[in-house]
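Student: I am new to this structure and would like to go through some of its local features slowly, one question at a time. Could we begin once it is in view?

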Amino acid sequence: MDKSDRPTGLGFFGAVIASISHEIKNRMAIINEQTLLIGDLAQASVTGRELDPGQLVELADSVKTEIHSADQIIKNMNRFAHSVDNFERQVDLGEVIDLTAVLYNRLAGMRRTQLEVHLPPKPLVVNTVAFFLMNLVWLCLDTALERIGKNRTIHLGCEEAADGAIVWLKADLIENDMADAISQKDMVDLMSGIGADAVFIPERNQVRIFLPADTDLP
Amino acid sequence: MTEKVLLVDDEKKFLEAMGARLESRGLEVSTADSAEKALEILSREAFDAVILDLRMPEMDGIEVLKRMKEKRPEVQVILLTGHATVGAGVEAIKLGAMDFIEKPADLDFISDKIKKAKEKKMLIVDRMNHERFMDVLKRYGN
């Protein structure tokens, strides 16, 4: 089994930060243009051009919205950065999956694909390495995105299992299945890092990653 | 004569604000929020410059640049990006982009680039017209 070119470890960390930086740059570009436009309109009013207060209010509101978006992106970046604190620890699986989906959303959007997240109604606490789990889910999302068919929605969720928890991913795939993907070395290494096991169920187009309750992490 | 520019970016708010600012500076501005729309507009109209976002959904800017140059070899494309890496810049220039600018970009700087784009485009169009004229002369004699 060959190692693929997909990012793992530090490569994954870099890929996520690069994606976040693009998002922030885009928000800043909008804020830049809109505030400068407000300045241009004010300047034009000095030379006699009529000022539309409604337009100014709309621009100012939009700047506020963009600043809020940028702030949220930075908060998510901070959550991701802290996923490497205390490598092995108890985490709310729903929060980890939710953060992974939020971070991946931009890349899915670039391929006109929706990411739908299905979380349990109450916290689902597991003992795992959040960073490795996020990396594993990210690779599954990447693989699904490469193979997705006409219904461009990827469903991602987690649920309680008899003796642990399950993270699942489901998508309408057009080529191959994901059995070969999840048996590749990078995936296997990540799974072993968190004591997990994964299976692909072709009839359901679903990957299920099982996290045992009493795993001894390396 | 007014410079005519096509702005291409998937962020509509960015297109609206930059478009309004360029128009207030006397440019004639068209906008497209997707690669497909941009290529469709370019197949109908000629522009002095295209300001093109490097990263857009479904088709990246380098691919769009290639297709634009196929439709309109004389069009001058200025690539706009969040991160102007040297590698991407070199690839873009090799494929025929006129320039490569990092967001957020100063509008006076962009306006200056658009003026230069128009001058360059006019030289290319003049040369193309001259070649066509010479071709006609060769075929039908003096």
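Student: At roughly what angle do the axes of helix 4 and helix 6 of chain A cross?

Tutor: In this predicted model, helix 4 of chain A covers residues 130–147 and helix 6 of chain A covers residues 185–193. Their axes come within 9 Å, and they cross at roughly 150°.

Student: Is helix 4 of chain A then roughly parallel or antiparallel to helix 6 of chain A?

Tutor: An angle over 145 degrees counts as roughly antiparallel, and the axes of these two helices cross at roughly 150°. Helix 4 of chain A passes helix 6 of chain A in a left-handed crossing. The crossing angle therefore makes helix 4 of chain A, relative to helix 6 of chain A, roughly antiparallel.

Student: How many of the residues in this contact are nonpolar?

Tutor: Helix 4 of chain A contributes residues including F132(A), L136(A) and L139(A), which meet a set in helix 6 of chain A that includes M187(A), L190(A) and M191(A). Within the contact, 1 residue is charged and 3 are polar, while the nonpolar ones number 7.

Student: Which residue is joined to P104(B) by a cis peptide bond?

Tutor: P104(B) lies in the loop between strand 5 (99–102) and helix 5 (107–140) of chain B. The cis bond has an omega of about -15°, and the residue it joins to P104(B) is K103(B).

Student: What is the phi of R112(A)?

Tutor: R112(A) sits in the loop between helix 3 (93–110) and strand 2 (114–118) of chain A, and it is partly exposed, with a relative accessible area of 40%. Although R112(A) is not a glycine, its phi is positive, at about 50°.

Terms used
Residues numbered from 1 in each chain as written. Chains lettered and ligands numbered in written order. Predicted model: local features only at pLDDT ≥ 70, side-chain atom pairs only at ≥ 80, totals over all residues. Heavy atoms only, no water. Axes fitted to C-alpha atoms, helices over the stretch in contact; angles between N-to-C directions. Helix = DSSP H or I, 4+ residues; strand = E, 2+ residues; numbered from the N terminus. Parallel < 35°, antiparallel > 145°, perpendicular 65-115°, else oblique. Left-handed = near helix turned anticlockwise from the far one by under 90°. Contact = heavy atoms within 4.5 Å. Nonpolar A, V, L, I, M, F, W, Y, C, P; charged D, E, K, R; others polar. Buried < 20%, exposed > 50% of the residue type's maximum accessible area, 1.4 Å probe, protein only.
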